[in-house]
Amino acid sequence: VDVKNLPTPKRQVFEGWLVDLETGYKLSIGGFTTNDDGRGNLIFRQQLVNADIYDKLVITLEPLGDIDPNPAMPILIGDLH
């Protein structure tokens with residue numbers, strides 16, 4: 001995932017999620033921040049056993065050190081199929 005013009009607010013981090021719409025399951029794929037120009041990227045590499053179940057890629061903005069395992073409000077959403 002590459003983003004631009006998306007500045008990271010202080011003490012927050014962006015987090016990527018794979019979402020299965022049928023079950024509502026959300027898999028965190030990691031966090032990222034952006035540089036001063038608002039550019040950043042998230043690279044996720046994993047051999048998923050059943051990757052076809054995921055319908056959406058969702059980016060949220062989370063507090064730094066967030067202990068809540070659930071995603072915050074989505075700021076970007078993209079289709080995977």
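**View 1. Pairing of strands E2 and E3.** In this predicted model, strand E2 (residues 12–19) pairs with E3 in the antiparallel sense over 6 bridges. Strands here are DSSP runs of E spanning at least two residues and numbered from the N terminus, and two strands count as paired if DSSP finds at least two bridges between them. Phe14 has Phe32 in E3 as its bridge partner. The hairpin of E2 and E3 has 6 residues between the strands, and Gly24 in this hairpin takes a positive phi near 85°.

**View 2. The open sheet.** The order E3-E2-E5-E6 describes an open sheet of 4 strands with antiparallel pairing. Its edge strands, E3 (26–32) and E6 (74–79), each pair on one side only. From one strand to the next the twist averages 25°, with axes taken as lines fitted to C-alpha atoms and angles running from 0 to 180 degrees between N-to-C directions.

**View 3. Pairing of strands E5 and E6.** Strand E5 (residues 56–63) and E6 are joined by 5 bridges in the antiparallel sense. Leu57 stands opposite Gly78 in E6.

**View 4. Surroundings of Arg39.** Arg39 lies in the loop between E3 and strand E4 (40–41). Although Arg39 and Lys4 are 35 residues apart in sequence, their C-alpha atoms are 4.2 Å apart in space. Arg39 touches Val3, Lys4, Thr33 and Thr34 (heavy atoms within 4.5 Å), not counting residues up to four places away in sequence.

**Notes.** Residues are numbered from 1 along each chain as its sequence is written, and side-chain values use heavy atoms, leaving out hydrogens and water. Local features need pLDDT of at least 70 and side-chain atom pairs count only at pLDDT 80 or more, whereas totals for chains, interfaces and linings use all residues.
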